[in-house]
Amino acid sequence: MHVWNGIQEDVFPRRFKSIIEAAFDGFFVACDVEPVSDYRAFTSRLKKLSYFTEFSATVHPPNPLFGRLWGSLNDYIESRNASEVTVKEQTSKAKGLKSRIIELMDQIMDAPEYEPDEPPAIGDAAILMAADGYGRGKVVGIENGDEVVIKTSDTQKSFLHDKEPIPEELAVKAKSQFEKISKERDMKH
């Protein structure tokens with residue numbers, strides 16, 4: 001998320017990161033801030049593509065929330081004891097990659113308790129995990145004959161707040177936004 005009207009979207013993550021790392025004097029600590037995608041805007045962009053030619057994502061294990069749609073990928077990351085996983089699928093075949101990502105995102109937006117019949121494919125799960133703020137994802141596809149790149153960070157969630165916020169009020173507002181997203185996506189502990 002980023003705050004309009006005062007903090008630029010690229011400045012907020014850097015400043016937040018520096019605060020966290022400074023709090024621990026840079027000793028054995030690292031912090032990255034990933035944007036949370038707006039599912040409706042992201043899905044709308046994906047629907048404009050005739051077909052997909054690439055899914056790629058680098059994801060990190062969540063703490064403590066996780067999305068059911070990418071729970072199997074989260075389990076895989078945990079079983080491997082990995083701190084980061086990179087997934088890349090590409091095709092040059094005429095019909096593109098097979099994917100249910102649009103269907104999955106539409107279903108979770110319509111009914112947060114939606115449970116797919118089978119776990120999503122690894123590429124779909126990685127993009128969903130990145131869209132939920134646990135990494136960076138990219139979908140490449142064809143729109144009107146042109147190659148188009150859609151990143152999960154292109155459609156990040158945001159909210160408005162005063163330019164000179166009272167820190168406690170801003171924290172409460174940000175927390176309520178994250179809770180709303182967690183409820184909309186039926187995130188679990």
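Colleague: Which residue in strand 4 is the bridge partner of glutamate 54?

Modeller: In this predicted model, glutamate 54 has valine 140 of strand 4 as its bridge partner. The two strands involved, strand 2 and strand 4, pair in the antiparallel sense over eight bridges.

Colleague: Why is glutamate 54 called buried?

Modeller: The relative accessibility of glutamate 54 is 9%, and buried means under 20%, so glutamate 54 counts as buried.

Colleague: How do you know that lysine 138 and glutamate 54 form a salt bridge?

Modeller: The closest N and O atoms of lysine 138 and glutamate 54 are 3.6 Å apart, and a salt bridge asks for a side-chain nitrogen of Lys or Arg within 4 Å of a carboxyl oxygen of Asp or Glu, so the pair qualifies. This pair links distant parts of the chain, with lysine 138 in strand 4 and glutamate 54 in strand 2, 84 residues apart.

Colleague: How many salt bridges does the structure hold?

Modeller: There are three salt bridges in the structure. One of them joins aspartate 106 to lysine 47, with the closest N and O atoms 3.1 Å apart. Since aspartate 106 lies in helix 4 and lysine 47 in helix 2, the pair ties together parts that are 59 residues apart in sequence. Another is formed by glutamate 103 and arginine 100, whose closest N and O atoms are 3.0 Å apart.

Colleague: What makes aspartate 106 and lysine 47 partly exposed?

Modeller: Partly exposed covers what falls between the 20% limit for buried and the 50% limit for exposed. Aspartate 106 has a relative accessible area of 23% and lysine 47 has a relative accessibility of 47%, so each of these values falls in that middle range.

Colleague: Which residues of helix 4 are buried, and how are they arranged around the axis?

Modeller: The buried residues of helix 4 are Ile101, Leu104, Met105, Ile108 and Met109. Seen down the helix axis, these buried residues fall within an arc of 130°, so they line one face of helix 4.

Colleague: Which residues touch the most other members of the largest nonpolar core?

Modeller: That core has 32 residues, and those touching the most other members are Leu46, Phe52, Val59, Ile101, Leu128 and Val139. Among the elements that give two or more residues to this core are helix 2, strand 2, helix 4 and helix 5. Helix 5 gives the most, with seven residues. In soluble globular proteins, nonpolar side chains tend to be buried together.

Colleague: What is valine 139 in contact with, once its neighbours within four places in sequence are left aside?

Modeller: Valine 139 is then in contact with several residues, including Phe42, Leu46, Phe52, Glu54, Ile127 and Val149.

Colleague: Why is asparagine 81 called exposed?

Modeller: Exposed means over 50% relative accessible area, and asparagine 81 has 70%, so the word applies. Asparagine 81 lies in the loop between helix 3 and strand 3, and its phi is positive, at about 60°, although asparagine 81 is not a glycine.

Colleague: Where is asparagine 144 found, and what is said of its phi?

Modeller: Asparagine 144 is in the loop between strand 4 and strand 5, and has a positive phi of about 50° although it is not a glycine. Its relative accessibility is 71%, which is over the 50% limit, so asparagine 144 counts as exposed.

Definitions and conventions: Residues are numbered from 1 along each chain as its sequence is written. This is a predicted model: local features need pLDDT of at least 70, side-chain atom pairs count only at pLDDT 80 or more; totals for chains, interfaces and linings use all residues. Side-chain values use heavy atoms; hydrogens and water are left out. A nonpolar core is a set of buried Ala, Val, Leu, Ile, Met, Phe, Trp, Tyr and Cys residues joined through side-chain atoms within 4.5 Å. Buried means under 20% relative accessible area, exposed over 50%, partly exposed in between (1.4 Å probe, protein chains only). Helices (H or I, at least four residues) and strands (E, at least two) are DSSP runs, numbered from the N terminus. Contact means heavy atoms within 4.5 Å. Two strands pair if DSSP finds at least two bridges between them. The arc is that of the directions from the helix axis to the C-beta atoms.
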